[in-house]
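Hi,

Here is the structure I promised to pass on. Could you load it and keep it open while you read? My notes follow below.

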Amino acid sequence: MPFTDRSGVTICYETYGDPDDVPLMLICGLGMQLVRWDDELLAGLTDRGFFVIAHDNRDIGLSESFAHVEVDVVAAVMAAMEGAAVEAPYLLSDMAADAVAVLDDLGIERVHVVGTSMGGMIGQAMAIEHGDRVASLTSIMSTTGDPDVGQPKPEVLAALLPSGAEDRDAIIEATVETFRAIGSPDHFDEELTRAAAARAYDRAHDPTAQSRQLVATIASGSRSAALRGVSVPTLVVHGDADPLIDVSGGRRTAEVIPGAELLVVEGMGHDIPRVFQPRIIEAVLALVSRAESASVAS
């Protein structure tokens, strides 16, 4: 897999499909490695004419680790609730710069961005801070950082924190149970989830990385005001059964980005089961088509 350090941090990335096709960047969510992207989703995108780029966000997978930095998630949450500054080893803005560095390494000027969960937040930061590099934005199961929307249900709060499991089998089992709790209620695929968890564990495992990324999202605060100035064609996708980031987060995102389209998927939780992938791919394709047409017209 190729690496780049153009942002000052080493980032691992991978590409799929024909480099002459329309470039589309997938941005992972909290604690997720690029190998967690479902093969069918990747195939569905490349089959529809996309050159897909995926990377490990900083501090996860094979990208540069910040394991030497200790964070306190509870203290970060309390500080944010009190309106105080939250100290973090990096911010979503830094992660957005990492994504742009990958584009620079590939020689790609503009890309269609699809981000899930924290990846959606990173995509939003790209649209705010690097709008000339973003051809379109699809923000999936994400939110704006406003404290009054997109909050998790109390029963799934543990999904944001390390499981405490120590050996390989226990960690994989804990990951499966986490995704069972936050995933689409009627479409959870245990076999696929277990295989993906094992693949990620065997590639790179850091039990503390997710906490550092979580503190980065908290410290980054609200993007609503800045998102009102975004002119990038945008699609917001959210499941109405998402217990980790409530659908209100997606609704707010669509409200504040001018002209954004909102697609609420009935029965979808905090995942993208294969049953929903064709519909989402078609929605992304329609957005890209509109964005490309508008670009040519201008």
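**What turned up**

His187 sits in the loop between α5 and α6 (190-203); helices are DSSP runs of H or I with at least four residues, strands are runs of E with at least two, and both are numbered from the N terminus. A word on the basis: this is a predicted model, where local features need pLDDT of at least 70 and side-chain atom pairs count only at pLDDT 80 or more, while totals for chains, interfaces and linings use all residues. Residues are numbered from 1 along each chain as its sequence is written, and side-chain values use heavy atoms, with hydrogens and water left out.

Back to His187, which is partly exposed at 32% relative accessibility (buried is under 20% relative accessible area, exposed over 50%, partly exposed in between, with a 1.4 Å probe and protein chains only). Setting aside neighbours within four places in sequence, His187 contacts Gly267, Pro273, Val275 and Phe276 (contact means heavy atoms within 4.5 Å). From His187 to Val288 there are 101 residues in sequence and 28 Å in space, C-alpha to C-alpha.

Cys12, in strand β2 (residues 11-16), is buried at 0% relative accessibility. Beyond its neighbours within four places in sequence, Cys12 is in contact with residues including Met1, Phe3, Leu34, His55 and Arg203.

**Backbone**

Which residues other than glycine have a positive phi? One is Met141, with phi near 40°. Met141 belongs to the loop between β6 (134-140) and α5 (168-182) and is buried, at a relative accessible area of 6%. Ser117, also not a glycine, has a positive phi of about 55°. Ser117 is placed in the loop between β5 (111-116) and α4 (118-129), and is buried with a relative accessible area of 11%.

**Core and cavity**

The largest nonpolar core has 81 residues, and Met25 and Met126 touch the most other members (such a core is a set of buried Ala, Val, Leu, Ile, Met, Phe, Trp, Tyr and Cys residues joined through side-chain atoms within 4.5 Å). Its largest share, seven residues, comes from α3. Not counting residues up to four places away in sequence, Met126 touches Met25, Ile27, Ala96, Ala99, Val100, Leu103, Val113, Gly131 and Val134.

There is one cavity of 30 Å³ or more, and the largest cavity holds about 70 Å³ of space. On a 1 Å grid over the protein atoms alone, a cavity is a set of points where a 1.4 Å probe fits but cannot get out, and lining residues have an atom within 4 Å of a point. Grid points are joined across faces, edges and corners, and the volume is the space filled by probe spheres set on the points. Among the residues lining the largest cavity are Trp37, Thr116 and Ile280. The elements giving two or more residues to that lining are α1 (39-47), β5 and α10 (277-297), and α10 provides the largest share, three residues.

**Aromatics**

How many aromatic pairs does a search of the whole structure find? The search finds one (rings of Phe, Tyr and Trp, the last by its six-membered ring, pair if their centres lie within 6.5 Å; planes under 30 degrees apart are stacked, over 60 edge-to-face, the rest tilted). The pair is Phe66 and Tyr90, edge-to-face, at 4.9 Å centre to centre and 65° between the planes. Phe66 lies in the loop between β4 (50-55) and α2 (73-81) and Tyr90 in the loop between α2 and α3 (92-106), so the pair ties together parts that are 24 residues apart in sequence. Both Phe66 and Tyr90 are buried.

Best wishes

Note on methods. On a 1 Å grid over the protein atoms alone, a cavity is a set of points where a 1.4 Å probe fits but cannot get out, and a pocket is an open set with protein on both sides within 12 Å along at least five of seven lines; lining residues have an atom within 4 Å of a point.
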